[in-house]
Amino acid sequence: MSGQEFPAADGDAQAPARDPRVADWWRTSIIEMSPGVIRYRGHAIEDLIGQVSFAQMIWLMTRGELPGAEQAQLLDMALMAAVDHGPQAPSVAIARMAATCGVGLNNAMASAMNVLGDVHGGAGEQCVEMLQSIAARMDDGATLEAAVAAGLDEAIALRGKFVSGFGHRFHPVDPRAPRLLALVDEAAQLGVVSGRFAAIGRAVEAELQRRKDGRRIPMNIDGATAVIYAELGFPAPLARGLFCLSRSVGILAHAWEQTQQGGRNKGPMPRDYLWTYDGPPPVRPR
């Protein structure tokens, strides 16, 4: 036997050979697997099935532990609330256009997911960053008002005048945000979360209103879900990943619907309408 070959374990003729140089090329604490065995973070899959919700599984996979039922319920609410916002959202429009090009659902979904970036899809992560920055200032002794003012200034200097998580170009008041905040308040009363980030979010809204001479710029879905993710202790970068998981449901639904409706090569506007050309005038042949 060469130095690269390892015998199967006694009594287990099906166990694959294990060369540590290969096995340790990728190292993970997420999943353990061998013939007949699947464990996620140490939990056997057969013990999880029927006992753990999808939201709890997301928490386990990303955080390394199972959450309480109330924490998982709050996470589930945030994921559920952001699943779709219609074909006006670029990602959904792209999924539907891709579906008319004859590709499969996975291709349409991948095309859509690839545009979830800083501008479309990143607001939740950016808002969590701001909320956590404000909380850090308070931990250093700043008052809520001073910390909010400094945190807002920092966010605006970093990302421009549009404050992530506040205001909406379509909804005067985003109908999803007040409901989610009310649920956070209920969870805080029960001791599931602290309520600290909900208070910070509302203070940001108040400061924005003060700076806009009384014009309210209410929290939107990205701000409300950012409050939830911050209350639950998720790192800011995971907020974007969670949004992608949430919005993938709407993307799948739209891609599937478009597949059922049919249509070929549908672009972003009806074919009777053409774009504005602003290039050079026609060139006359010499």
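**Stop 1: α5 against α12**

Select Ser91, Val92, Ala95, Arg96 and Ala99 in helix α5 of this predicted model. They meet Arg247, Ile251, His254, Ala255, Glu257, Gln258, Thr259 and Gln261 in α12. Contact means heavy atoms within 4.5 Å. By class, this contact has 5 nonpolar, 5 polar and 3 charged residues. Ala, Val, Leu, Ile, Met, Phe, Trp, Tyr, Cys and Pro count as nonpolar; Asp, Glu, Lys and Arg count as charged; the others, Gly among them, are polar.

Now show both helices whole: α5 covers residues 90-99 and α12 covers residues 236-261. Helices (H or I, at least four residues) and strands (E, at least two) are DSSP runs, numbered from the N terminus. The two axes come within 8 Å and cross at roughly 30°. Axes are lines fitted to C-alpha atoms, for helices over the stretch in contact, with angles from 0 to 180 degrees between N-to-C directions. The crossing of α5 and α12 is right-handed. That term applies if the near helix is turned clockwise from the far one by less than a right angle; anticlockwise makes it left-handed.

Before moving on, two notes on the model. Residues are numbered from 1 along each chain as its sequence is written, and side-chain values use heavy atoms, with hydrogens and water left out. The model is predicted: local features need pLDDT of at least 70, side-chain atom pairs count only at pLDDT 80 or more, and totals for chains, interfaces and linings use all residues.

**Stop 2: arginine 240**

Stay on α12 and select arginine 240. Leaving aside neighbours within four places in sequence, arginine 240 is in contact with Leu116, Gly117, Asp118, Gly121, Gly122, Glu125 and Gln126. Next, draw a C-alpha to C-alpha distance from arginine 240 to arginine 18: they are 37 Å apart in space and 222 residues apart in sequence.

**Stop 3: asparagine 265**

Move on to the segment after α12, and pick asparagine 265. Phi of asparagine 265 is near 50°, a positive value in a residue other than glycine. Asparagine 265 counts as exposed, at 59% relative accessibility. Exposed means over 50% relative accessible area, buried under 20%, and partly exposed in between (1.4 Å probe, protein chains only).

**Stop 4: aspartate 213**

Go to the loop between α10 (196-211) and α11 (221-231), where aspartate 213 is found. Aspartate 213 is not a glycine, yet has a positive phi of about 55°. Is aspartate 213 buried or exposed? Exposed, because the relative accessibility of aspartate 213 is 76%.

**Stop 5: arginine 196**

Select arginine 196, in helix α10. Arginine 196 is partly exposed, with a relative accessible area of 28%. Arginine 196 touches Ala135, Met138, Asp139 and Glu231, not counting residues up to four places away in sequence.

**Stop 6: alanine 142**

Select alanine 142 in the loop between α7 (123-139) and α8 (144-159). Alanine 142 counts as partly exposed, at 30% relative accessibility. Beyond residues up to four places away in sequence, alanine 142 touches Arg137 and Ala147.

**Stop 7: the whole chain**

Zoom out. The protein chain has 12 helices and 3 strands. The radius of gyration is 24 Å, well over the 19 Å that the globule rule gives for 286 residues, so the chain is more spread out than a compact globule. That radius is taken over C-alpha atoms, and the rule is 2.2 Å times the number of residues to the power 0.38. Along its principal axes the C-alpha trace spans about 75 × 75 × 40 Å. Color by burial: buried residues make up 37% of the 286 residues.
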